[in-house]
Amino acid sequence: MTEKKTIKIGITGGIGSGKSFVCAELARRGIAVYDCDSAAKRIMRSSDNVRTALTRLIGPTAYDGDGRLNKAAVAAFLLASAENAAAIDAIVHPAVADDFRRSGNSWMECAILFETGFNRLVDRVVAVTAPEDVRIRRVMERDGITHEKVLEWMARQWPQEEVRRCADHEIVNDGVADIGQQIDELIVKLK
């Protein structure tokens, strides 16, 4: 008898689309979702290899005297140029990918799934989408930032239409469509 392969599923979507809300709903249904953003932060704090590589790249200000990540120094380096951001990504993204592989999770939440190539780690991709005005309002309320700043962040991500086109499934999180029903239908489709 052959063993059934576990399908890996990636959940993605632009800022303010409601990925985290969908993942919380999955958790309520007993489905653990690996959070790439949280994992990256944890790995940057705890991995000796990542710590060494970031210190080599950024300099001694990357971590303080107690070995804690200096978020301000890392952010300043990252935002200084696209090359700097790519250099940090080249250190952190492979560590996150390895951590996901070892995690035992079948589901992954990653805002930049296609941009990082993490779509190659999963068998199916679910795009969480919402109208742009809804996304902007959500982020402004959640983060207390300006409309212009939200647009700036959105411009750094793939356009929602491109994400939707590359995904296998879509969950519409516009505040009107029934999220629970969409999630339940998705789970049935993926079994």
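Residues are numbered from 1 along each chain as its sequence is written, and side-chain values use heavy atoms, with hydrogens and water left out. Because the model is predicted, local features need pLDDT of at least 70 and side-chain atom pairs count only at pLDDT 80 or more, whereas totals for chains, interfaces and linings use all residues.

Helices (H or I, at least four residues) and strands (E, at least two) are DSSP runs, numbered from the N terminus. An open sheet is formed by 5 strands in the order β2-β3-β1-β4-β5, with parallel pairing; two strands are taken to pair if DSSP finds at least two bridges between them. The edge strands, each of which pairs on one side only, are β2 (33-35) and β5 (169-172). From one strand to the next the twist averages 25°. Angles run from 0 to 180 degrees between N-to-C directions, and axes are lines fitted to C-alpha atoms, for helices over the stretch in contact.

Strand β1 (residues 9-12) pairs with β3 in the parallel sense over 3 bridges, and Trp-107 in β3 is the bridge partner of Ile-9. The parallel pairing of β1 with β4 has 4 bridges. Here Thr-12 has Ala-127 of β4 as its bridge partner, while Ile-9 stands opposite Arg-124 in β4. In a regular strand the side chains alternate between the two faces of the sheet. Both faces of β1 are covered, with Ile-9 and Ile-11 buried on one side and Gly-10 and Thr-12 buried on the other. Buried means under 20% relative accessible area, exposed over 50%, and partly exposed in between (1.4 Å probe, protein chains only). Strand β4 is mostly covered, as 5 of its 6 residues are buried.

β4 also pairs with β5 in the parallel sense, over 4 bridges. In this pair, Val-172 of β5 is the bridge partner of Thr-129, and Val-126 stands opposite His-169. His-169, found in strand β5, counts as buried because its relative accessibility is 19%. With residues up to four places away in sequence not counted, His-169 touches Arg-124, Val-125, Val-126, Ala-127, Leu-186, Lys-189 and Leu-190; contact means heavy atoms within 4.5 Å.

Val-33 and Gly-104 are 71 residues apart in sequence, and their C-alpha atoms are 10 Å apart in space. Helix α5 lies across β2 and β3 (107-109) and runs at about 160° to β2.

In soluble globular proteins, nonpolar side chains tend to be buried together. A nonpolar core is here a set of buried Ala, Val, Leu, Ile, Met, Phe, Trp, Tyr and Cys residues joined through side-chain atoms within 4.5 Å. The largest such core has 33 residues, of which Tyr-34, Met-44, Leu-54, Val-96, Met-108 and Phe-118 touch the most other members. Two or more residues of this core come from each of α2 (36-46), α3 (48-58), α4 (71-80), α5 (82-103), α6 (113-116) and β4 (124-129). The greatest contribution is that of α5, with 7 residues. Leu-54 touches Met-44, Gly-59, Ala-62, Tyr-63, Ile-88 and Ile-91, not counting residues up to four places away in sequence. Apart from this core lies another, of 15 residues, including Ile-9, Leu-26, Val-126 and Ile-171.

The axes of helix α1 (residues 19-28) and helix α10 (residues 179-190) come within 11 Å and cross at roughly 65°. In this contact, Phe-21, Val-22, Glu-25 and Leu-26 of α1 meet Ile-179, Ile-183 and Ile-187 of α10. The contact residues divide into 6 nonpolar, no polar and 1 charged; Ala, Val, Leu, Ile, Met, Phe, Trp, Tyr, Cys and Pro count as nonpolar, Asp, Glu, Lys and Arg as charged, and the others, Gly among them, as polar.

Val-139 is found in helix α7 (residues 132-143) and counts as buried because its relative accessibility is 0%. Leaving aside neighbours within four places in sequence, Val-139 is in contact with Ile-15, Gly-16, Gly-144, Ile-145, Val-150 and Trp-153. Val-139 and Trp-153 are 14 residues apart in sequence and 10.0 Å apart in space, C-alpha to C-alpha.
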